[in-house]
Amino acid sequence: MATDVRKDIPDSYKYGWYDADAKYENVKRRGLDEAVIREISQTYKKEPQWMFERRMKAFRHYLKRPMPDWGADLSGIDFDEIYYYLRPSGKTEKSWSDVPDYVKRTFDKLGIPEAEQKYLAGVGAQYDSESVYHNIRKDLEAKGVIFMDTDSALKQHEAIVKQYFGTVIPANDNKLAALNTAVWSGGSFVWVPPGVKVDIPLQAYFRINSENAGQFERTLIIAEEGSQVHYVEGCTAPVFSTATLHSAVVEIIVKKGARVRYTTIQNWSNNVYNLVTKRAVVQEDGVMEWIDCNLGAKVTMKYPSVYLVGERAHGEVLSVAFAADDQHQDAGAKMVHAAPNTTSIITSKSISKGTGRTSYRGLVKIYPGMKRSKSTVRCDALILDPSARSDTYPYMEIDEEDVSIGHEATVSKVGEEQLFYLMSRGLAEAEATAMVVNGFIEPIVKTLPMDYAIEMNRLITLQMQGAIG
Amino acid sequence: MTLATATRIPLPLDRATVERLSVSRGEPGWLRDSRLAALERYASTEWPTGHEEEWRRFPLRDLPAADLARIVDTKHPPSEYGSVPLAASRHGLVFDRMLNVAREHPDLVRRWLPAGEGIASHRAFRALADASFAHGSGFLYVPAGLDVELPLEVHKRWSAGTEPIVFRTIVVVEANASVTLVEELSSELGGPRVAVPSLEVHAGPGARVRYVGIHRFAEDVWEIGQQNFISARDSVVASFNVVVGSARTKLGVRSDIRGDGAEVKLYGLVAAHDRQRIDVNTFQRLDGKGSSSDSLYLSALYDEAKAVNYGVIRVEPTSSGTGSYQECRNMLLSDKAGADPIPVLEILTNDVARCGHGATAGALEEDELFYVMSRGLDRVEAESMLVRGFFQRVLSAIPEPQVRARVLAALAPRIGRVAELDAVAA
């Protein structure tokens, strides 16, 4: 275990160190203009022309679109201070021993090889802008499963990337998706052939190491007919005094009868603005599940979406948000029913502590004619302190009669009786509260792979302690 | 600034009109001054742009053009004031047209005339009503400790015309007094028209107030109404809005709890057909200790009708142990009907006793229809009975059988008459 390393870190945020030895290949330059995009696309990545043009077009959308003003306070982002592209030296490695030492130390602390030792299906790791490590179990590779960073995929599987890139989230979808399309780098590319079931999770780790580094990874997952895959991502960053931006785009295509689960444990440090666009399109009989846990970041605005475009498609979002002091987790989900007999479930659990604020923001949309669609939304919020805040903004647009749509929300505090009961069993108040909180999110944590579930409970406990003492 | 705004305002109002209105009604100077102050507010208030959450689904660009100057020429609506109980009036109950009360009890009107806060994005319409309220305005004052046993009922019906309908209703219920007010609003068909009703209800400490508003304007009317309920400690307020009429209805209902132990219930029944659009915003603010504020809106939507319900519960950081629940249920009775229920919670403290919301939308259950039809009813009757049953939760919160009957009569053109159920309800 990497815990012995973590012991040295006094901060309650155990990923709060940064690696001062990190070497970057490109010239560090702040701010964004066409020259930077040209540099990323042509100088460093040597991309095909069509991708370069996509980037330039997206950049123009980015300049035109307004910043979202309806959610969290984003005034702390200084777009001119951000490094849009930081490339650690070296190429993407397939063997862990070939990864540069400073990167390896970082990921050792995060426990990546440890995860791989557990025979996980595949592991990818991204450090600032570039993917540094991607590996996939041989037997899956033999079945034709592709799991690599998106840049490599663009080189090796250009046709597939070109076919799907930007089809789920077009560049003009929103300002931040446009920004991502303009400067994207890294991210994971997953392609699962028809009928192949990947029975253990593919994993990716994302880390921001440099101050003012923006991370704009681009993930594309295509599950062909009847296939199945589970993708897990974790995110961390050091604690710097200035704000950092993480703005990813994740596109998922779930074909007929396929099943995709996408799990995120987001634990960015409290200076990261985490503004992510995630969306899946699900064809008939397909199933898409987002499990979205947001614990870190200064501000999160993330609403994993499912567009149900085929009959009997099913979408599900399980969302956990924990906001401690000065954090605002504006998280939620979006379900768009664009075919009859489609079903969706949203379950949101949010916890706000100290001066933290959680907001659930969701949309369920049923288009006319989408008969026998069903949607259930359930939001529970736990408010731990008098200065904490919890909001619920559940939008519903129902334009079809033959449907069943329900939304329920509750807001509560930790009950005095619960605390008294636990404390009478010898627990300190902080431990007792943490236990109640862990119980509160239990229904979602139990859907995580075991090691992530343990990690999740530890992170919750850390969050609790961070604010207590 | 004023000019720039004025050119944008679809309902322009000038000083000459306001003065002419006040003079033609023979109003005292202080009342005219209060109108002119409101006119200033109106001129400096931006109209909803459509970006506000409350107005996003209610485009004002289609609002019929209305000449507010013509409000001066409007004939008085033949309001039917139900009889004011003699005994109560001997104890100081005042229930009359605004103008009469302004003349006979100027101190009362002067004290309570200033408008309350209301929903922020509705403030332009509030200022409009404050500046140009005309026929149809009424004032109800219940002195401390007086229980008005029988419900007070008034029916305001406007004859055909295109003059804008703008009026204010002010209800003041002093400490430990109680009253039920039923206000029915209707008009004859006769050209596109705008109606801007404005209601303020002040519930004093320990007061019990029930307000029943029956909105059944003709289907060429755009009703843009706003209501403001202010609750002092230990008061109990129940409001019922029954919306049946108008082409478009926008209703902004704000409830403001300003003391400990107050209880607020906001009920709504919407029965819409054809291409009606009923858009209700509620804003329930909770403060104090142990107060509660709940809302329950039920909509039955036929044809291509659409109901929007954007409601916010806000629990202030200074409150403690409050309880609130916001509920919105939509029954879609046609495949072209639609509903956007959006219940929002903003909780700024952890000291809440209970807080939550629920929203649903869906069709009638086929099983239930089958069950009712198997008892010998045809489909239309069965549907009517199920809708009536769906509305029961709100109807049963109205204790007076005559008021309930009145509400059912108003609903009948949409949901049909289900007379036999009335007996059950009573």
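What follows is a short chat about a predicted model with chains A and B.

Visitor: What should I know before reading any numbers?
Guide: The model is predicted: local features need pLDDT of at least 70, side-chain atom pairs count only at pLDDT 80 or more, and totals for chains, interfaces and linings use all residues. Residues are numbered from 1 along each chain as its sequence is written, while chains are lettered from A and ligands numbered from 1 in the order in which they are written.

Visitor: OK. What is the secondary structure of chain A?
Guide: Chain A has 12 helices and 21 strands. Helices (H or I, at least four residues) and strands (E, at least two) are DSSP runs, numbered from the N terminus.

Visitor: How much of chain A is buried?
Guide: Of its 469 residues, 55% are buried. A residue is buried if 20 or more other C-beta atoms lie within 10 Å of its own, exposed if 12 or fewer, and partly exposed in between; the C-beta atoms are placed from the backbone.

Visitor: And what share of its contacts join residues at least 24 apart?
Guide: 82%, among contacts in chain A between residues at least 6 apart in sequence. Contact means that the C-beta atoms of two residues, placed from the backbone, lie within 7 Å.

Visitor: Which strand of chain B does β20(A) pair with, and in what sense?
Guide: β20(A) pairs with β17(B), residues 338–347, in the antiparallel sense over four bridges. I398(A) stands opposite A339(B). Two strands pair if DSSP finds at least two bridges between them.

Visitor: What is A388(A) in contact with?
Guide: Leaving aside neighbours within four places in sequence, A388(A) is in contact with S352(A), K353(A), G354(A), T355(A), G356(A), I383(A) and N350(B). A388(A) lies in the loop between β19 and β20 of chain A.

Visitor: Buried or exposed?
Guide: A388(A) is buried, because 27 other C-beta atoms lie within 10 Å.

Visitor: Which residues other than glycine have a positive phi?
Guide: A297(A) is one of them, with phi near 75°. R372(A) is another, at about 55°. Most residues other than glycine have a negative phi.

Visitor: Where are those two?
Guide: A297(A) is in the loop between β12 (287–294) and β13 (299–302) of chain A. R372(A) is in the loop between β18 (357–366) and β19 (373–383) of chain A. A297(A) is buried, with 27 C-beta neighbours inside 10 Å. R372(A) is partly exposed, with 15.

Visitor: Now chain B. How is it divided?
Guide: Into domain 1 (2–258) and domain 2 (365–426). Domain bounds come from an automatic or database domain assignment. The C-alpha centres of the two domains lie 31 Å apart. Their contact takes 10 residues from domain 1 and 11 residues from domain 2.

Visitor: Which elements of domain 1 give two or more residues there?
Guide: β6 (178–187), β8 (208–216) and β10 (236–243) of chain B. That side has eight nonpolar residues, one polar and one charged.

Visitor: What does β6(B) pair with?
Guide: β6(B) pairs with β4(B) in the parallel sense over seven bridges. L152(B) stands opposite L181(B) in β6(B). Five of the seven residues of β4(B), residues 152–158, are buried, so β4(B) is largely enclosed by the rest of the structure.

Visitor: Last one. Which residues of α9(B) meet α10(B)?
Guide: S384(B), V387(B), R388(B) and L395(B) in α9(B) meet R404(B), V407(B) and I415(B) in α10(B). By class, that contact has four nonpolar, one polar and two charged residues.

Terms used: Ala, Val, Leu, Ile, Met, Phe, Trp, Tyr, Cys and Pro count as nonpolar, Asp, Glu, Lys and Arg as charged, and the others, Gly among them, as polar.
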